[in-house]
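I want to go through the ligand site, then a helix pair.

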Amino acid sequence: MASSSSSLQPSQLLPTESQMQAIYGKFEHMEIGKQIGKGQFSEVFRALNNVNGEMVAMKKIQLHVMKDKKAREDCLKEIDLLRQLNHENVIKYYASYIVDKDLYIVLELADAGDLSKLIRQFKKNHRLLPERTIWKYFVQICRALAYMHSKRVMHRDLKPANVFLTKMGVVKLGDLGLGRFFSTQTYNAHSVVGTPYYMSPERMNSGGYNFKSDIWSIGCLLYEMAALQSPFFGVKINIFALIRKIDRCEYPPIPSDIYSAQMRSLISNCICNDSTKRMDAQQVAMVAEQMHAYFTQQHQQHHVRRQQQTPQSGK
Ligand SMILES: Nc1ncnc2c1ncn2[C@@H]1O[C@H](COP(=O)(O)OP(=O)(O)OP(=O)(O)O)[C@@H](O)[C@H]1O
């Protein structure tokens with residue numbers, strides 16, 4: 001299956017290195033505007049590229065948060081790799097600069113929030129996301145991940161907050177795992193700092209990260225869109241209890257009267273503690289494409305039936 005829904009191949013859209021250099025070559029071309037977000041290690045601003053008039057996101061990271069010189073070099077290499085990715089559903093990495101001990105990364109701007117906000121809103125209003133909407137978003141996340149894996153790049157930090165939305169309803173996968181180059185740990189022995197709820201058992205048990213760890217996380221994402229909380233969420237849960245739940249794949253079922261058996265089955269084919277038994281990104285994307293097509297068709301048929309039942313006025 002092709003990793004993109006578009007008939008244009010990503011490689012055809014990829015600007016040449018010299019074009020990129022001409023457009024994004026100089027930090028002085030970027031007019032930094034208001035801050036739009038803040039992370040543990042970073043600040044994100046809106047910025048205007050004065051060469052082509054495009055609004056972008058500018059992420060500023062202080063270089064001293066990198067663990068050491070090696071981490072800094074590896075991080076810059078990784079950014080070079082990320083710059084080569086070009087897919088409709090992946091936030092584009094345009095360029096990076098080092099200015100006064102800060103690293104600036106120019107990113108495609110996503111202007112309509114992220115999936116974590118959408119999930120929070122539904123939870124607050126005691127509503128569930130319709131299954132059709134879930135597949136509409138999830139299929140785009142799958143296309144992005146299948147594309148990344150086909151380029152041998154892992155995401156490493158798939159979670160709702162890293163799934164950005166645009167006003168046109170396009171999903172963009174962002175924040176591609178640079179976090180590993182920064183110093184502090186995400187959890188310690190006694191309390192869960194941040195949210196390692198999506199960590200795969202192999203990662204929890206120091207077994208290292210691999211492509212199938214992204215699949216575990218994408219399964220958690222699908223689950224969270226349906227259940228409106230992470231499969232392994234627990235109020236005030238400590239790290240030991242979390243590891244135990246993850247190791248045993250212990251999570252409450254998603255509402256079976258609302259969501260399809262195919263959704264439950266896909267989740268269990270991703271959230272599976274033996275990583276070799278998990279589906280790969282292409283397989284997950286294939287199921288998502290089928291489910292998305294099915295629900296779109298159902299919706300269209302429903303629409304046509306309603307139009308036929310509505311009495312025509314004026315004749
Ligand atoms: N490309 C983007 N377009 C629009 N907003 C963005 C973009 N990238 C990041 N943001 C915003 O900036 C905020 C900070 O993002 P950043 O990636 O720096 O940190 P984080 O990953 O959210 O946090 P942490 O690093 O602590 O896990 C995000 O919550 C988001 O709202």
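Predicted model: local features only at pLDDT ≥ 70, side-chain atom pairs only at ≥ 80, totals over all residues.

Entry 1. How far is an oxygen atom of the ligand from an N or O atom in the side chain of Asp175? I got 2.5 Å for that pair.

Entry 2. For Ser42, a polar side-chain atom sits 2.4 Å from an oxygen atom of the ligand. For Lys59, the side chain has an N or O atom 2.8 Å from a ligand oxygen. I then looked up the cover: on its own the ligand has 620 Å² of accessible area, and the protein covers 78% of that.

Entry 3. Which elements give two or more residues to the shell around the ligand? I noted β1 (30-38), β2 (42-49) and β3 (54-62). Of these, β1 supplies the largest share of the shell, three residues.

Entry 4. I listed the shell itself. The ligand is surrounded by 15 residues, and the closest are Gln40, Ser42, Lys59, Glu108 and Asp175. Sorted by type, the shell has seven nonpolar, four polar and four charged residues.

Entry 5. Moving to the helices. I looked at α5 (residues 131-150) against α7 (residues 211-227): they pack at an angle of about 170°, and their axes are 11 Å apart. Roughly antiparallel starts over 145 degrees, so α5 counts as roughly antiparallel to α7.

Entry 6. Who makes that contact? From α5 I wrote down several residues, including Trp135, Phe138, Ile141 and Leu145. From α7 the contributors include Phe211, Ile215, Ile218, Leu222 and Met225. What types of residue make up the contact of α5 with α7? I found 14 nonpolar, one polar and one charged. His149 of α5 and Asp214 of α7 are among the contact residues too.

Terms used:
Residues numbered from 1 in each chain as written. Heavy atoms only, no water. Near = heavy atom within 4 Å. Polar contact = N/O pair within 3.5 Å; in protein donor to acceptor, adjacent residues only side chain to side chain. Areas by Shrake-Rupley, 256 points an atom, 1.4 Å probe, with all protein chains shown as cover. Helix = DSSP H or I, 4+ residues; strand = E, 2+ residues; numbered from the N terminus. Nonpolar A, V, L, I, M, F, W, Y, C, P; charged D, E, K, R; others polar. Axes fitted to C-alpha atoms, helices over the stretch in contact; angles between N-to-C directions. Parallel < 35°, antiparallel > 145°, perpendicular 65-115°, else oblique. Contact = heavy atoms within 4.5 Å.
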